[in-house]
Amino acid sequence: MPSVNVRHARQALPHARPVVVQYRPTDASGGPISRPAPDPLQSQLHLIQRFTILTCASLARRLHSPMKSAAQPNFDTAAFRLALGEFATGVTIITTRAESGQLIGITASSFNSVSLAPPLVLWSLAKRASSMTVFEANTHYVVNVLAASQLALCRRFATLKGDRFAGVAHAAGDTGMPILDGALAWFECHNRSRYDEGDHVIFVGEVERCGVTGDAREPLVFHRGGFHTVDPLG
Ligand SMILES: Cc1cc2nc3c(=O)[nH]c(=O)nc-3n(C[C@H](O)[C@H](O)[C@H](O)COP(=O)(O)O)c2cc1C
């Protein structure tokens with residue numbers, strides 16, 4: 001059978017219309033072959049088979065997605081800390097009141113904004129922290145943003161084993177949780193959700209109240225494992 005070069009044929013007959021050929025199967029005598037009516041059970045089985053194959057394929061894709069199969073790190077914890085330390089952060093003290101009435105607070109630099117509407121923030125707490133059970137159970141906590149002049153408070157709430165609030169000026173906010181005097185800003189949060197990740201739990205708080213002191217004091221900045229404040233560039 002001679003072969004047809006489609007491109008040459010198109011060039012030779014630019015206005016030719018495509019021919020639609022209908023195929024009707026016939027038997028040896030030329031009569032039409034009647035097809036048996038489709039079996040409904042067979043069609044359903046076919047659908048179930050297709051569904052199963054597609055679901056398995058999608059599950060396999062998910063299991064092999066990049067999120068689930070990170071390569072082993074090629075660095076140790078010290079190198080990781082060093083790299084993280086290049087990211088300058090502010091410093092906060094997260095405070096809450098246990099059901100017993102005991103005031104709890106910890107220094108945290110993991111604070112960050114999440115969403116404007118609804119107003120959401122996050123921070124993370126080490127699983128080994130003794131305050132974990134209280135922060136997990138309480139409905140509310142406050143994120144207090146520290147001024148550079150509050151470095152002593154930052155150290156106190158990171159290291160002291162006894163009552164961290166002894167002699168520390170504070171007042172209850174609308175949610176009843178303690179707000180530290182002199183904080184540059186504060187966010188009273190509803191304990192909205194928590195995510196268990198690695199050796200920390202990520203807390204997402206829905207901000208019910210917030211405020212700023214509004215004075216010109218500099219913020220406390222944590223960078224390369226040390227404390228600083230900001231110098232304007234301009
Ligand atoms: C600058 C700075 C930032 C810190 N940030 C965090 C943090 O984000 N999350 C955390 O779990 N611990 C953080 N820590 C350590 C806690 O403040 C410290 O472990 C605290 O004593 C935990 O208290 P607890 O064991 O009484 O709950 C930070 C410490 C410092 C000095």
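User: How many helices and strands are in the chain?
Analyst: The chain has 5 helices and 12 strands. The model is predicted.

User: And what share of the residues counts as buried?
Analyst: Of the chain's 234 residues, 19% count as buried.

User: What about contacts between residues at least 6 apart in sequence: what share joins residues at least 24 apart?
Analyst: Within that set of contacts, 63% join residues at least 24 apart.

User: Turning to the ligand, which residues come nearest?
Analyst: There are 15 residues around the ligand, and those that come nearest are Ala-108, Ser-110, Ala-126, Ala-129 and Ser-131.

User: Which strands each supply at least two residues of that shell?
Analyst: Those strands are β3, residues 103-108, and β5, residues 120-126. The largest share of the shell, 4 residues, comes from β5.

User: How does the shell divide by class?
Analyst: The shell around the ligand contains 9 nonpolar and 6 polar residues, with no charged residues.

User: Now the open sheet of 3 strands. What is the strand order?
Analyst: The order is β1-β11-β12, and the pairing is antiparallel. At the edges are β1 (89-90) and β12 (226-228), each of which pairs on one side only.

User: How many bridges join β1 to β11?
Analyst: Strand β1 is joined to β11, residues 221-223, by 2 bridges, and the two strands run antiparallel.

User: Which residue stands opposite Thr-89?
Analyst: Phe-222 in β11 stands opposite Thr-89.

Notes: Residues numbered from 1 in each chain as written. Predicted model: local features only at pLDDT ≥ 70, side-chain atom pairs only at ≥ 80, totals over all residues. Pairing = 2+ DSSP bridges. Near = placed C-beta within 6 Å. Nonpolar A, V, L, I, M, F, W, Y, C, P; charged D, E, K, R; others polar. Buried ≥ 20, exposed ≤ 12 C-beta atoms within 10 Å, placed from the backbone. Contact = placed C-beta atoms within 7 Å.
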